[in-house]
Each structure stands twice: as structure tokens, then as C-alpha cells.
Amino acid sequence: MSTTEAALENLRIIRSLMEKAHIYRAVSAPAALTGGVLALAASAWPVWHALAHQGQSAMCQPCFLQMWLAILAVASVLNVVLLAREARRRSQPFVSAGMRMALRAFAPPMLVGGVVGIGLIVFLHQLVMAALVWTLCYGLALLATASFSPRSLVRLGWAFVIAGLLLFLAWAASSDVRLLPSDEAPASAIMGITFGLLHVVYAVAVFFSRKPAEVTAQ
């Protein structure tokens, strides 16, 4: 395939993704709501336990990692199921050219965030830094799809990046929080605010907003 043909093919794929943006926006909302509610529930117990027991940990560090990986798995599986059902309804292949393009943009920040975050927990026992890395890399992954994703997802990406930066500054500036016996509660609070609250707000906004007009391109 020549350079011109490849460029035209990429433009065709981007156009198709833009035209389907409102569909993915609606499909992604239930998975975002499910993941957000689970994240809020998972973060509430460690934060409450730390407030009631002078910052003591409510669970082991491997348990912290396993819990959040389980929440990620549930939300991801639900998202895949919803996308597959929508693809069948439209009589289209599940792994389309558009999905491959989206994954090429989305995967690198997610891979970096996943590996660095898990490494920070397993080897350095840094839960807060892991939560911040996950938050920022997830936001950057959403922004990497900005050229063909719904504007609501772009806003969600910026919300994650801005929240991650502000939470990092707040944590770094608070010596009392950094000197707690365990950093599980601050890490859980970060995860609850970002992956919990932001996802719930996004899902509610999608459910109650008007269906946007389908985007077309000349």
C-alpha cells in the first residue's frame, strides 16, 4: 500500500470512528458507572479505617493491588461485552480497523501506567505513587484518542490528568499525610476520587444528556 493510500485509509477509519462516537459514548457509560461504583466502595473502607485507627492499614499491600486489578477486570470485561453486543447488532466485526487504531493510541500509556504502578507496589511499596501513575496514565490514554473519540471522553481524560496533578501536589505538600504509618488510605482516596467519582459523574452525565448528532465528514 502506497503512502497516499495508507493516509486515505487512516482518514476513512477516523471518519468511521467519528461517526460512531455517540454509539461508543452510550456503550461505555454502563461500564464506567459499574467501575466507578466499585471504586468508591473499595476506597471507602480503607479511608474510614485509617481515620478510625490513626492511619493504620486496613489490608495488606498485595490485597490492595489484587482488589484494584479485580475492579479493572470487571469493568473491562463489561466494556468488552457491551462493545461486542453492539458490534453484533450492527453486523460488524468486533475487532475492526477502527478498534485497532483506537487500541494503538490507547495501549502505550496504559501499558506504561500498569507496569510502573504494579512495580511501585510490588517492589517499592509505594501505593500513593502507584495510584497517581495509574490516574495520570489513564488520563493520557484517553487523550491519546482525542482525534476520533467523543468530546465527553476527552473531557474525562483532562479531568483525570488535572485531578492527578492536583492530588500529587496536595499529597506532596502535606507532610502529615506522607508520614502516616501506611499510605493505603491516601492511595485509596486518590483511587476513589478519580476512578470512582469521575467515572460516576461521567456516566451520569452521559445518561442524562441528549444524544449528540452523528458526526459526518466530507
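These are my notebook entries on what I looked up in this predicted model.

**Entry 1. Overall make-up**

I began with the secondary structure and found eight helices and zero strands. Reading along the sequence, I noted the pattern α-α-α-α-α-α-α-α. I then looked up burial: 41% of the 218 residues of the protein count as buried. Of the contacts between residues at least 6 apart in sequence, 79% join residues at least 24 apart.

**Entry 2. Helix 5 and helix 8**

I turned next to one pair of helices. Two packed helices are described by the angle between their axes and the distance between the axes. For helix 5, residues 127-143, and helix 8, residues 184-208, I recorded axes that come within 7 Å and cross at roughly 20°. Angles under 35 degrees count as roughly parallel, and helix 5 and helix 8 are therefore roughly parallel to each other.

Which residues make the contact between helix 5 and helix 8? On the side of helix 5, I listed Leu-127, Val-128, Ala-131, Leu-132, Trp-134, Thr-135 and Tyr-138. On the side of helix 8, I listed Glu-184, Pro-186, Ala-187, Ile-190, Met-191, Thr-194, Phe-195 and His-199.

**Entry 3. The salt bridge**

I searched for charged pairs. Side chains of opposite charge can pair when their charged atoms come close. How many salt bridges does the structure hold? I found one salt bridge in the structure. Glu-86 forms a salt bridge with Arg-89, and their closest N and O atoms are 2.6 Å apart.

I then placed the two partners. Glu-86 and Arg-89 are three residues apart in helix 3, residues 61-89, so about one helical turn separates them.

**Entry 4. Met-101**

Last, I looked up Met-101, which I located in helix 4, residues 97-122. Buried means under 20% relative accessible area; Met-101, at 11% relative accessibility, therefore counts as buried. I also checked the position of Met-101 relative to Phe-148. Along the chain, Met-101 and Phe-148 are 47 residues apart. I recorded a separation of 9.8 Å between the C-alpha atoms of Met-101 and Phe-148.

How values were computed: Residues numbered from 1 in each chain as written. Predicted model: local features only at pLDDT ≥ 70, side-chain atom pairs only at ≥ 80, totals over all residues. Heavy atoms only, no water. Axes fitted to C-alpha atoms, helices over the stretch in contact; angles between N-to-C directions. Helix = DSSP H or I, 4+ residues; strand = E, 2+ residues; numbered from the N terminus. Parallel < 35°, antiparallel > 145°, perpendicular 65-115°, else oblique. Contact = heavy atoms within 4.5 Å. Salt bridge = Lys/Arg side-chain N within 4 Å of Asp/Glu carboxyl O. Buried < 20%, exposed > 50% of the residue type's maximum accessible area, 1.4 Å probe, protein only.
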